[in-house]
Amino acid sequence: MNKRSNIAPIAIFFACMIVIHLLSSILFNVLPFPIKPTIVHIPVIIASIIYGPRIGATLGFLMGLISLTVNTITILPTSYLFSPFVPNGNLYSVIVAIVPRILIGLTPYFIYKLLRGRAGLIFAGALGSLTNTIFVLGGIFIFFGNVYDGNIQLLLAGVISSNSIAELIISALLTLIIVPRLEKIKQ
């Protein structure tokens, strides 16, 4: 695929990411869900499998910019973990916001190339989601381990036990359902 033709899939998937972010933000803040899984990474996973690691990594970078921007504009108690432009934020905040998201754009492609078929799609979706969880939470643990009076493990354990499991299952199922349909359209 030449560079000019990369613009359309990036634009379409990025638009999907923005819509998913806005709708999920509204939905999870209005309705009393006990968990608030991140689902913005699903288009990154799907695009990585269909269009390759370059487009996947580009969309992952854009996902990181969404996170950085949202946490700069909407200041929450955890915003400093993802934005250097809020109190207590720093360069590590940029790393936590962007690097794991770029990796989401790489991991599914290589997992699917390795495994193929339905199992490959399930593992690519699940491990793409797990890439986000491991590297975001790992980055928080490494760079911000002294927050919450040095007891960051409680925060991370709460996220792992609730959101990340739901994200992993949702990502695996949607990847399995959506990728074959989009591959038919792409041909």
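Asn132 touches Pro100, Arg101, Ile104, Leu137 and Glu167, leaving aside residues up to four places away in sequence. Contact here means heavy atoms within 4.5 Å. Asn132 lies in helix H6, residues 117-144. At 4% relative accessibility, Asn132 counts as buried. Buried means under 20% relative accessible area, exposed means over 50%, and partly exposed lies in between (1.4 Å probe, protein chains only).

The model is predicted: local features need pLDDT of at least 70, side-chain atom pairs count only at pLDDT 80 or more, and totals for chains, interfaces and linings use all residues. Residues are numbered from 1 along each chain as its sequence is written, and side-chain values use heavy atoms, with hydrogens and water left out.

The secondary structure comes to seven helices and zero strands. From the N terminus on, the elements run α-α-α-α-α-α-α. Helices (H or I, at least four residues) and strands (E, at least two) are DSSP runs, numbered from the N terminus. Of the 187 residues of the protein, 42% count as buried. Among contacts between residues at least 6 apart in sequence, 68% join residues at least 24 apart. The protein exposes about 10,100 Å². Carbon and sulfur atoms supply 72% of that area. Accessible areas come from the Shrake-Rupley method with a 1.4 Å probe; for residues, only the protein chains shown count as cover.

In soluble globular proteins, nonpolar side chains tend to be buried together. The largest nonpolar core holds 23 residues, of which Met17, Ile49 and Leu59 touch the most other members. Helix H1 (3-30), helix H2 (41-51), H3, H5, H6 and H7 each give two or more residues to this core. H2 gives the most, with seven residues. A nonpolar core is a set of buried Ala, Val, Leu, Ile, Met, Phe, Trp, Tyr and Cys residues joined through side-chain atoms within 4.5 Å. Ile49 touches Pro108, Tyr109, Tyr112, Leu121, Ala124, Thr175 and Val179, not counting residues up to four places away in sequence. A second, separate core has 12 residues, including Leu81, Ile98, Ile140 and Phe144.

Two loops were examined next. Pro84 is found in the loop between helix H3 (53-73) and helix H4 (91-104). Its relative accessible area is 22%, so Pro84 is partly exposed. Pro84 touches Leu68, Gly89, Asn90, Ser93 and Val94, with residues up to four places away in sequence not counted. Pro84 and Asn71 are 13 residues apart in sequence and 9.3 Å apart in space, C-alpha to C-alpha. Asn88 also lies in the loop between H3 and H4. Asn88 is not a glycine, yet has a positive phi of about 75°. With a relative accessible area of 65%, Asn88 is exposed.

Arg116 lies in the loop between helix H5 (107-115) and H6. Arg116 has a positive phi of about 55°, although it is not a glycine. At 40% relative accessibility, Arg116 counts as partly exposed.

Ile177 is found in helix H7, residues 152-186. Ile177 is partly exposed, with a relative accessible area of 42%.
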